[in-house]
Amino acid sequence: MVELGEFINQLRESRLKAYNASPGDIKEHHGIEEVVLAGGYGYRQVLELVQNGADAILESHEAGTGQSGPARIEVVLANSSLYVANTGAAFSEEGIDALLRSHSSPKRGNQIGRFGLGFKSLLRLGGKIDIVSGFVAFGFDPDRCRQELRERFSVKDAPGLRLAWLLDDAQAASLHDLFSWATTVVRAEIRGEDILNHLRGEIQNFPSEFLLFLPVPVTLTLDDGASGKRELHREPDGTDQLLHDGKN
């Protein structure tokens with residue numbers, strides 16, 4: 001198997017070659033991103049990333065490769081960034097490839113999210129997106145992506161999430177150090193007070209009932225950076241499930 005860092009570089013070069021062969025795809029892919037942001041995905045960034053984390057946890061559970069201890073997802077809003085970390089399966093080649101597409105997902109069965117479309121909702125935040133997962137660290141820079149495509153292909157409108165680059169060691173270490181317990185950490189830069197306030201509200205109002213639909217128990221910690229941490233988990237009570245929703 002190709003090393004994941006090399007795989008990411010190959011994906012970028014393959015995408016550029018594909019655009020060279022079919023430059024009309026650039027306009028089409030830009031349009032898809034615009035539709036995503038105008039629709040229901042445009043303001044559900046926290047939900048999308050928590051769903052992705054839950055699916056990764058389910059994947060590791062089914063494969064028998066999960067970490068020891070309870071499965072965890074943590075959401076933190078701090079320093080103009082949204083962080084979401086989980087203990088699920090790390091990104092595979094298929095998962096990374098899906099992030100760079102729109103209607104392609106490796107998810108199956110009772111997994112609940114869709115990588116391609118939901119991930120593109122992060123464009124609303126306006127900044128870079130960095131990911132550390134397993135042994136690979138990579139990121140998306142929408143401004144850089146658009147600029148490169150405009151210059152190469154002399155187009156006016158270009159998508160922002162069709163090219164990815166590897167992170168340097170310092171960038172990767174900064175994420176790993178913040179969430180050393182996690183398998184995967186996503187950090188999305190936030191530009192704009194309006195979207196920051198929206199994310200804070202999404203975190204504060206995240207529905208605890210979400211945990212009832214997960215086939216494996218998960219502890220979900222939510223921190224909006226203003227009102228303290230909120231921890232959600234469930235536990236069996238006979239044939240029922242008890243939801244716990246508390247603040248630390």
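Ser81, Tyr83 and Ala85 point one way from strand 2, while Leu82, Val84 and Asn86 point the other way, and all are buried. Buried here means under 20% relative accessible area, exposed over 50%, and partly exposed in between (1.4 Å probe, protein chains only). The model is predicted: local features need pLDDT of at least 70, side-chain atom pairs count only at pLDDT 80 or more, and totals for chains, interfaces and linings use all residues. Residues are numbered from 1 along each chain as its sequence is written, and side-chain values use heavy atoms, with hydrogens and water left out.

**Strand 2 and its partners**

- Strand 2 (residues 81–86) is largely enclosed by the rest of the structure, because 6 of its 6 residues are buried. Strands (E, at least two residues) and helices (H or I, at least four) are DSSP runs, numbered from the N terminus.
- Strand 1 (residues 71–78) pairs with strand 2 in the antiparallel sense over 6 bridges; pairing requires that DSSP finds at least two bridges between two strands.
- Glu74 has Ala85 in strand 2 as its bridge partner.
- The hairpin of strand 1 and strand 2 has 2 residues between the strands, and Asn79 takes a positive phi near 55° in this hairpin.
- Strand 2 also runs antiparallel to strand 6 (residues 184–190), joined to it by 6 bridges. In strand 6, Glu189 is the bridge partner of Ser81.

- Strand 4 (residues 136–140) has 5 of its 5 residues buried, so it is largely enclosed by the rest of the structure.
- Val136, Phe138 and Phe140 point one way from strand 4, and Ala137 and Gly139 the other way.
- Strand 3 (residues 126–133) pairs antiparallel with strand 4 over 5 bridges, and Val132 stands opposite Ala137.
- In the hairpin of strand 3 and strand 4, with 2 residues between the strands, Gly134 takes a positive phi near 60°.
- Strand 5 (residues 165–166) pairs antiparallel with strand 4 over 2 bridges; Trp165 in strand 5 stands opposite Gly139.

**Glu235**

- Glu235 lies in strand 8 (residues 229–237) and is partly exposed, with a relative accessible area of 33%.
- Beyond its neighbours within four places in sequence, Glu235 is in contact (heavy atoms within 4.5 Å) with Asp240, Gln241, Leu242 and His244.
- The C-alpha atoms of Glu235 and Glu189 are separated by 34 Å, and the two residues are 46 residues apart along the chain.

**Leu212**

- Leu212 is found in the loop between helix 8 (193–204) and strand 7 (218–223).
- Leu212 counts as partly exposed, at 41% relative accessibility.
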